[in-house]
Amino acid sequence: MAVPLPQGRTTDPAAPTDPQDVLLGVLARAWHPVCATDDLAPGAVRAVRLLERDLVVARLADGSAVALADRCPHRSTKLSTGSVDGCALRCAYHGWAWDADGRCTDIPSLPDGPIPAKAVVDAHDVEERHGLVWVRLAGAGDEATGWGIPPSTASDETSMRTLVGEPYTWPVSALRRVENFMDLAHFAFVHDGSLGRRDAPVPPLPTIERVGTELRFTYEPPEFAADGAAMYGTSHYRVAMPCTVQIDFRLETGARRILWMTASPIDRTTCRTFWSMSRDDELHDDDPGARAEVDARHVEFQQQVLDEDAPVVGAQVPGEFPLDPATELSVSTDLVSNVYRRWVRELVREEAARRTGPAADAAAVAAVALDRRRVDPVPTRATAPAMSGGR
């Protein structure tokens, strides 16, 4: 039973429409990871939060993963305090059992029934890919947006060594985190000495293309004596809307490295980022000790970059993603960000129209409809080719 709106929100078409509420509705149509597959062992039960919803994810006896609202409607105990019983999740308070579709299948204190027809909890779509457990709150997401689970090139690259980074939580919108990940002008200041140079602050403006549900562009960084563990070179960006970025780097040495991330929106101002890095150099397949040392060096460098970003990105006020272009000042070197924001605004307008129809309150979406700063038009291609090695 898919529910498209966050808890406490209204579906009344006559009600005012807050653009930030509508943005949550947009994000509810996308897939977001809530934990690693390895963190959901057989019989495991975990409490997670996604788009202002408290959820419980569990691994049932048949090996499938389930995502339910984390509340038993009987006496409101969190189902995440319960346990797996066969192909059901049993509440810790009175033992009511709930199947993968959110239906109550057993009430121990009422063995002869009947089970009330209202004994149902919200159940959501669950898939596992790239070593992550993905949840989609609104069941009609693919049909409405064309979004599936974001691809990851490295997942199919047997020639590359992939390291999965430790997920991290930042006090900022998932979309602000994505915006930071593809912000070209911040390298010279936030990453001076690691990924940029303070004396080379002007980034080249890339040609940005819409390909299906992705933004794509290539960035050529300035000359810089980067650390050997740095991902520094010709950078091919693929932004899978709305919250995933892959950067495919080609180093001067000829090596190829990939950095992949997806920001999972916990709420309007908090996100948890899942990420990985891959390389086809310094593999040391015949020397596990040397390989471990190189792995540690690459992880350490990426952690340095995150430590440089975190205090700056986390200091953005407000933490929610701005939908009104007049809220912040943009300049020409913010091109990538401007194009991304324009697409997000389009999605919000489409969601508002889908939800409330043509008679949507004009004042309610006025902030979203504003476009006071011109952004260069972006070429569009209808479909995205499969993500494979190279471009």
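Student: Which residue is the bridge partner of Leu50 in strand 3?

Tutor: That is Arg53. Keep in mind that this is a predicted model.

Student: What makes strand 2 and strand 3 a pair?

Tutor: Pairing needs at least two bridges. Strand 2 (residues 45-50) and strand 3 (residues 53-59) have six bridges, in the antiparallel sense, so they pass the cut-off of at least two. Two residues sit between the strands of this hairpin, and Leu51 has a positive phi near 50 degrees.

Student: Where does strand 3 go from there, and what joins strand 3 to strand 4?

Tutor: Five bridges join strand 3 to strand 4 (residues 65-69), and the two run antiparallel. Val56, for example, stands opposite Leu68 in strand 4. These strands belong to an open, antiparallel sheet of six strands in the order 1-10-9-4-3-2.

Student: Why are strand 1 and strand 2 called edges?

Tutor: Strand 1 (32-36) and strand 2 each have a single partner strand, so one side of each lacks a neighbour in the sheet. On average, neighbouring strands here are turned by 30 degrees against each other, direction ignored.

Student: Which strands pair with strand 18, and over how many bridges?

Tutor: Strand 17 (residues 256-267) pairs with strand 18 over 10 bridges in the antiparallel sense, and the two form a hairpin with two residues between them. Strand 11 (residues 161-164) is joined to strand 18 by four bridges, and strand 12 (residues 168-170) by three; both run antiparallel to strand 18. As for individual positions, Leu259 stands opposite Met277, Thr162 has Ser278 as its bridge partner, and Trp170 stands opposite Cys271.

Student: Why does Arg279 count as buried?

Tutor: Its relative accessibility is 2%, and the cut-off for buried is under 20%, so Arg279 counts as buried. Arg279 lies in strand 18.

Student: What does the side chain of Arg279 reach?

Tutor: A polar atom of that side chain lies 3.0 Å from the backbone oxygen of Asp281, and the side chain reaches the backbone oxygen of Glu282 at 3.1 Å. A polar contact needs N or O atoms within 3.5 Å, so both distances qualify. Beyond its neighbours within four places in sequence, Arg279 has contacts including Ser159, Arg257, Asp295 and His298.

Student: What makes helix 3 largely enclosed?

Tutor: Eight of the eight residues of helix 3 (residues 174-181) are buried, so the rest of the structure largely encloses this helix. Among them are Arg176, Arg177 and Glu179.

Student: Which residue caps the N-terminal end of helix 3?

Tutor: Ser173 does, with a side-chain oxygen 3.1 Å from the backbone nitrogen of Leu175.

Terms used: Residues numbered from 1 in each chain as written. Predicted model: local features only at pLDDT ≥ 70, side-chain atom pairs only at ≥ 80, totals over all residues. Heavy atoms only, no water. Buried < 20%, exposed > 50% of the residue type's maximum accessible area, 1.4 Å probe, protein only. Polar contact = N/O pair within 3.5 Å; in protein donor to acceptor, adjacent residues only side chain to side chain. Contact = heavy atoms within 4.5 Å. Axes fitted to C-alpha atoms, helices over the stretch in contact; angles between N-to-C directions.
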